[in-house]
Amino acid sequence: MSHLVIIGNGIAGITTARNVRKRSDRKITIISGETGHFFSRTALMYIYMGHMTYEHTKPYEDWFWEKNNLTLIKGFVQSINTDEQIVRLNDGQLIHYDMLVIASGSKSNKFGWPGQDLEGVQGLYSKPDLDLMERNTKNIRRAVIVGGGLIGIEMAEMLNSRKIPVTFLVRETFYWDNILPKEEAQLIGNHIIEHGIDLRLSTELKEIVPDFNGRVSSVITSQGEEISCQFVGLTAGVSPNIDVVKNSKIEANRGVLVNEFLETNITNVYAAGDCVEFRTPKPRHPKIEQLWYTGRMHGEALAKTICGERTAYERGIWFNSAKFFDIEYQTYGYVSNVPLEGEQSFYWQHPNGKHAIRIVYSANDYSVIGFNLFGIRFRQKVCEHWIREKSSIEYVLENLGEANFDPEFFIQFEKSIVGLFNEQNPQKPIALKKRRGLASVAV
Amino acid sequence: MQLVPINGSAEISMSLSQNAYRDMSLSMKAGLGVFGFGLLMLFVSLTGASNDSPALFFFLSFGLSVIGGLIYIVPQIKKYRAGIRNNHIFFSSVMSRGASAWIIGILFTGFYIVLYWFPELISNWIRLVDPLSLILRGKSADQWFLYGTFYTLAVLVMGTRMIVKYRHSRYQILRTSSVMFFQLGFAFIIPSLLEMLNQPGFYFTYFWPLRPYSLWPSDFQNLLAHPGGLGIFMIFWGIIMTFVATPVLTYFFGKRWYCSWVCGCGGLAETLGDPFRQLSDKSLKAWKIERILIHSVLVFVTVTTSLLWLNSYFGGTILGNLSGNFASWYGFLIGSVFSGVIGTGFYPIMGSRVWCRFGCPMAAILGIIQKYFSRFRITTNGGQCISCGNCSTYCEMGIDVRAYAQRGENIVRASCVGCGVCSAVCPRGVLNLENGPSEKRYHLP
């Protein structure tokens, strides 16, 4: 019987395994050195904050794996021999495979900062990282976080929940402004400050200074300031974890190189999730995608290919979401941080700085290209439909209620949003047509 | 019952840096102090020291507990920003089945046992509420008036806490205000006033089968025997609510119109029970037990009611004591032990909706209607779920919400009471309670 071996029990590996199991009864083995069972990586912060325990972050009960005949092995892969189709674990165990999936995830970036390996300095990606952070942040007086991305702000929120003062060093002029347009980046920046975080924009880490015991005692910033701290969180992004394919014949660059079918250079060896680098990504698609959603979609596509229905990975209309302290963020389609040629954008923000919406549309035919939403929930299906059908900005605004996904009785902003648009574009005023609620949803 | 294991929470709480809990404001401390003094006075009253001046001691015990609770709760509006603040819940002994949870559970359970079967032990407490009972009912208090007072004050104070906690959500504010209103008005004041006016005691917000007597022949006889038209109206009301209002409202809004907006049991669970909602068992096994138990209770109450009517029709000549035995066993097992002792006493151990989930026959009927003939569902927003587990963790009914959400599937479950907390705690805005056309309600992707 054909044996499928999957390295990694994160969302990409597990989605592959589950979807292959739905389609076939072949032998499936999943190897992970991180945890015994699949858990939701995105929920690590909530364990530290006491919202949940580790058990709660497991999407499937422990009996699920045996019942579905998925063999779990806890261990690290030492090497892969693609000629003999054998995976060797670091305890010496040899596992023969017929098909192999590499879904080894990411590693936190370290950019060669002096002192980056000191005690009390760490990234946050894995469950062991979380356990380390629990120990590292015990009885500390101040923490410094380096790198203004999504993990950085999560770490700030985590430490904040334990009343640990945080200094947040962000290289960019505004928080996450390599992704967000300036207005949104400022809105989130203000919200970070509101929560008592010492946010330092346009500031980089120069050096981490140890104490006598080799533990972090302070950092020195690019401005030359020394900040005393007992913990440093390195959150300047993550990179594909390609350790497992080193010294094998599987080609890798920054990530494991694959085509659009997630096939590597070796027959019957595939890769999925964070560790993947696409050889020739489509226009506006990145080479490396490190998101929960893309990991899941890789796994769904790959399972079909493995089961004989060769399927190209297609991520559809782009979407992503996050939560910045109390402000939820959703994005659909493309919204770039600086306006692109041929694009126009309409931005509305509530005076309280907690709700905002940006709609990017074509300057030529006024068709919508993307949405950014802050503190407002929109229906994914409706936004995707509008983007795919190239609906005009006027049509979208007239029917804005159709997309509204906020809970019942929440204050609606459609009138104010459309009012601002009419103020800015007085030539042909538009009127709201659709109310919020399922009855309005046409797609 | 298999309980969710809580790995290492004790270890974490030991390792929590001390400054995590050092942030209680002065007013919160003062509030706790006043509350503690109120509780002390309550126990002093148990000795009978209060019997000479019950009004004074009522204020010192009940009054100060309420005032202290509010002083503790309300200033948190300033202290904590609006938003989801579930920080440290699983480090807390009370809220994650630690030693204090077991102590509180035993106290709650003990209170119910005393209340139901040994009320003479708390007769001095009953005397404490005499002045209030005289004002509202025109007669001195009994154990049920004492219970009603405790119950209503718990809903009001802890309801205030719920509103403070979820003040960023208008759904939660309205829903909580609604259960507070119905408890205070319809389950406490109106029944009291009816007694004052020598009218039959009646609860307009409890119907068959949650309050089975509403459709039992004995209640009909009592109501009919009362002079004036009110008794007939009450019979009429009970029948309409059970057979017309329940199916119609559940068709349009799901069972939430009752369970988390009107019902007193639900009201207590949503207010006093909120700190314990995360303790419900989410396992598949628990769901199986739930389906067997709750429908057995529904069968039990239906059989009992039918027997009583048969017996009444035949004038008690055919069935003998059978129907009476059924009725008294139902009252003891379901009415007292299940809904009271276990239902509320086990809040800190099994979560806030044990009765509603495993026992309530009203919830069983509403659930069947909700599952098969309703416009209500929880919509899942496309592929946005990150499987974090907050929704399942904070579902008081033990629904594994995430199992549906991560598949992009809508949630249509008989047990869902529509409290809306899954939607509130979701960090990605994936879930929304909605009423709409019932076709494609399940939306299987």
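How many residue pairs are in polar contact between chain B and chain A? In this predicted model, the count is 31 residue pairs, with both residues at pLDDT 80 or more.

**View 1. The contact between chain B and chain A.** Chain B contributes 66 residues to the contact, and chain A contributes 56 residues. Together the two chains bury about 4,900 Å², with 48% of that area on carbon and sulfur atoms. B:Arg81, B:Gln384 and B:Arg428 account for 12% of the area that chain B buries against chain A, more than any other three residues.

**View 2. Salt bridges between the chains.** Four salt bridges are counted between chain B and chain A. B:Arg81 pairs with A:Glu194 in a salt bridge, and their closest N and O atoms are 3.0 Å apart.

**View 3. Domains of chain B.** Chain B is split into domain 1 (24-79), domain 2 (94-375) and domain 3 (376-435). Between the C-alpha centres of domain 1 and domain 3 of chain B there are 38 Å.

**View 4. The largest cavity.** The structure contains six cavities of 30 Å³ or more, and the largest has a volume of about 100 Å³. It is lined by 13 residues, of which B:Ile378, B:Cys395, B:Cys416, B:Cys419 and B:Cys422 are the closest to its centre. Its lining comprises ten nonpolar residues, two polar and one charged.

**View 5. The second largest cavity.** Nine residues of the lining are nonpolar, two are polar and two are charged.

Technical notes
Residues numbered from 1 in each chain as written. Chains lettered and ligands numbered in written order. Predicted model: local features only at pLDDT ≥ 70, side-chain atom pairs only at ≥ 80, totals over all residues. Heavy atoms only, no water. 1 Å grid on protein atoms, 1.4 Å probe; cavity = no way out; pocket = protein on both sides within 12 Å on 5 of 7 lines; lining within 4 Å. Points joined across faces, edges and corners; volume = space filled by probe spheres on them. Nonpolar A, V, L, I, M, F, W, Y, C, P; charged D, E, K, R; others polar. Domains from an automatic or database assignment. Contact = heavy atoms within 4.5 Å. Buried area = accessible area lost by both parts, 1.4 Å probe. Salt bridge = Lys/Arg side-chain N within 4 Å of Asp/Glu carboxyl O. Polar contact = N/O pair within 3.5 Å; in protein donor to acceptor, adjacent residues only side chain to side chain.
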